[in-house]
Amino acid sequence: MLKLVVVDSVMLMMETGVAVYVQAILTGSTTSPDGNADYTFLIDGSVVGVFQHSPNGDTTYQFNQTVYQNTSLSNAPHVLVIESGASGKKSLILLDAVIYS
């Protein structure tokens, strides 16, 4: 079962699994919504990845963009946290899918 909690970050509590894939919708828009994407990924409290995408003026949306993947998790329950805006800029999070197995 996957539980989603949204505060200043996104926290996902995953049951037993050995892999996780995070897919987002990205845009290069420089106006509302600002397409800046700045994500920090933590698993079980440790930073395991960073994804950054700066807006380029392209207002189209790109779906199913893998922004984080990890296929080497221990076969146990895990907590995935996605923090946004570590650089101090606004950061848009449009989650498309979180897949774990």
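Strands (E, at least two residues) and helices (H or I, at least four residues) are DSSP runs, numbered from the N terminus. The model is predicted: local features need pLDDT of at least 70, side-chain atom pairs count only at pLDDT 80 or more, and totals for chains, interfaces and linings use all residues. Residues are numbered from 1 along each chain as its sequence is written, and side-chain values use heavy atoms, with hydrogens and water left out.

**View 1. Y21 in its strand.**
Y21 lies in strand β3. Its relative accessibility is 27%, so Y21 counts as partly exposed (buried means under 20% relative accessible area, exposed over 50%, partly exposed in between; 1.4 Å probe, protein chains only). Leave aside neighbours within four places in sequence: Y21 is then in contact with Y68, Q69, T71, A97, V98 and I99 (contact means heavy atoms within 4.5 Å). D34 sits 13 residues from Y21 along the chain, and their C-alpha atoms are separated by 24 Å.

The structure holds one cavity of 30 Å³ or more. On a 1 Å grid over the protein atoms alone, a cavity is a set of points where a 1.4 Å probe fits but cannot get out; lining residues have an atom within 4 Å of a point. Grid points are joined across faces, edges and corners, and a volume is the space filled by probe spheres set on the points. The largest cavity has a volume of about 40 Å³. Its lining is made of I25, L26, T27, G35, A37, Y39, L92 and L94. Two elements give two or more residues to this lining: β3 (20–27) and β4 (37–43). The largest share, three residues, comes from β3.

Which kinds of residue line the largest cavity: nonpolar, polar or charged? Six are nonpolar, two are polar and none is charged. Here Ala, Val, Leu, Ile, Met, Phe, Trp, Tyr, Cys and Pro count as nonpolar, Asp, Glu, Lys and Arg as charged, and the others, Gly among them, as polar.

**View 2. The chain around these sites.**
The protein chain has zero helices and eight strands. The radius of gyration is 14 Å, close to the 13 Å that the globule rule gives for 101 residues, so the protein chain is as compact as a globular protein of that length. This radius is taken over C-alpha atoms; the rule is 2.2 Å times the number of residues to the power 0.38. Buried residues make up 35% of the 101 residues. Of the contacts with a separation of 6 or more, 76% join residues 24 or more positions apart.

Definitions and conventions: On a 1 Å grid over the protein atoms alone, a cavity is a set of points where a 1.4 Å probe fits but cannot get out, and a pocket is an open set with protein on both sides within 12 Å along at least five of seven lines; lining residues have an atom within 4 Å of a point.
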